[in-house]
Amino acid sequence: MADNPKQKPESPDKGGARILDDNLLMRQRRQKAQELKEAGVPLFPNNHRPRDLIAELKTQYDRLDGDRLEAMDDMKFSIAGRIMAIRSFGKAAFIKLQDRSGSLQCHLERDRIGAERYGLFKKLDVGDIIGVKGSLFRTRTQELTLRVDSWNLVTKSYRSLPEKFHGLTDVEQRYRQRYLDLIMNQETRDTFQARSTIVATIRNFLMNKGFLEVETPMMQIIPGGAAARPFETYHNALDMHLYLRVAPELYLKRLVVGGLERVFELNRNFRNEGISIRHNPEFTMLEFYQSYASYEDLIPITEEMFCACAKAVKGVTKFTYQDREIDLTPPWRNLDFRSSLLEIGGVPPSVLFDVDKAVGLARELGAAVRPGEGLGKALAKIFDALVEPELWQPTFITGYPLDISPLSRTNDLDVEIVDRFEFFIAGREMGNGFSELNDPDDQLGRFREQAVAREAGDDEAQFMDLDYVRALEYGMPPTAGEGVGIDRLTMLLTDQPSIREVILFPLLRPEQA
RNA sequence: GGGCCGUUAACUCAGUUGGUAGAGUAUCUGCCUUUUAAGCAGAGAGUCGCGUGUUCGAGUCACGCACGGCCCA
């Protein structure tokens, strides 16, 4: 392959051979595999069907004492899993078998399974996947153990697993080779189990409230719905530039115009921005929209949904995150945006209505503020620096400036602000909700202002979307909508400090230059 | 983009003022039928991330690059 001159250098599998390294351990394993094969043991058969799950055996039989188990010696069980440890003696061995549900110790005796099969068993390696059949018993230390009558190889493993005591701890290797991380680390398996539970809980929660789950384009001609830089791509057959969506918002609201009065989408967004402990270029967002509701109606729904997730994962709504207590019990704190700047940020009142002072303070705090950016943007940057990190307990912040909220309905009493909240837990934004702007003329004006900002160099400004305005001209019922960051919620409920710990395959540069 | 830290055997890690590269686990060989980080005896296993430089001599010092982590932007 490597010496094929026709091989394109850009080929995605270039260098594939380079990472398929060869070392003594692998040569030994392949040698033993060859011996097994020659003895008539298939290395990669696909005819094994385990009947039992380890966790279910434990649930059913771990409460029985040794005598009871011996009395049911003719009851046979069949499990399959990966060999995680072998403790071998001359004519018998203990192995630890791990399946998706847990792990169980098994005991193999030469005199029980026969000298020939026992000899072949000795050629197996830690990491191999095997099936075993036998009965349950208790060892001297009372550990529930399967007494193996017969075994069969299900899948040969050529690579040796990490050391049993420390396991795999190298962060880079854990992310690049997540499969290995999952084999070795129960905590990783638990984290992604929790993630699945959270997603399922949210789906059930919304469906029970009459929401319809929908899927809208991830490849968009006009990327809208959030202040973020999009990824660009290209469709060959249509000869057309496309963007990966930064949010599904404008499509979901088109569906509300269409009469789907309660909709949600729970799927991936893409933002072409920096990577950090709380940002991955692709991330998962819930967005849901409810007609005949305002942003205030979303507050109890949000509280209820988060509590449902916490109960599903942790069983409680009070827990610790990174050694600090979090209490999700409703009602959550509710604080006005400007008040939060004064009370939590310690910002002088004069800054709140003075663009120059706000920009000055934002810059003092190290934020990049472009010339021409308005008061709202500057205040938002001050908020990010001074207030957000302090919002440890769940807090709704309301009364956001209009100029940073181009899709939100203007407040009826104060035209400087919109009917919107963001909410924060553990010093992080967890979500954003507002009464949707459904006046098409107002929306068109907001898009025009965004276009001006874009001209001025704001590459996070919204794109003009005339079809969306046209949809609003047909009439969108008054609607409240909300977005929730699923990765961050998962971090919160699994006590993980980094978003990469809750994304199975976080984005990394390639190993090889 | 900037700062700090890391990269040594399959894994987890030592490696002193620059002087032939170490341990534990894993592996291999022998013994061992209730172990559970099993035990005992022996053995093998390394482009020290990559490159350049300094030096008689570099895992170690300098510079550059790559990848990763944390912090800042």
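**Close-ups of a predicted protein–RNA model**

View 1. α10 itself spans residues 249–257, and E249, L250, L252, K253, R254 and V256 are its buried ones (under 20% relative accessible area, 1.4 Å probe, protein chains only). Helices (H or I, at least four residues) and strands (E, at least two) are DSSP runs. After α10 comes G259, with a positive phi near 100°.

This is a predicted model, where local features need pLDDT of at least 70 and side-chain atom pairs 80 or more, while totals for chains, interfaces and linings use all residues. Residues count from 1 along each chain, chains are lettered from A and ligands numbered from 1 as written, and side-chain values use heavy atoms, without hydrogens or water.

**View 2. The two domains of chain A.** Domain 1 covers 24–161, and domain 2 takes in 184–345 + 387–501; the bounds come from an automatic or database assignment. Their C-alpha centres sit 48 Å apart.

**View 3. The surface near RNA strand B.** α7 (171–176) is one of the elements giving at least two residues, and its 5 residues are the largest share.

**View 4. Polar atoms at the RNA.** In the side chain of E172, an N or O atom is 2.2 Å from a sugar or linking oxygen of RNA strand B. For R87, a polar side-chain atom lies 2.8 Å from a base oxygen of RNA strand B. G366 brings a polar backbone atom to 2.7 Å from a sugar or linking oxygen of RNA strand B.

How values were computed. Buried < 20%, exposed > 50% of the residue type's maximum accessible area, 1.4 Å probe, protein only. Polar contact = N/O pair within 3.5 Å; in protein donor to acceptor, adjacent residues only side chain to side chain.
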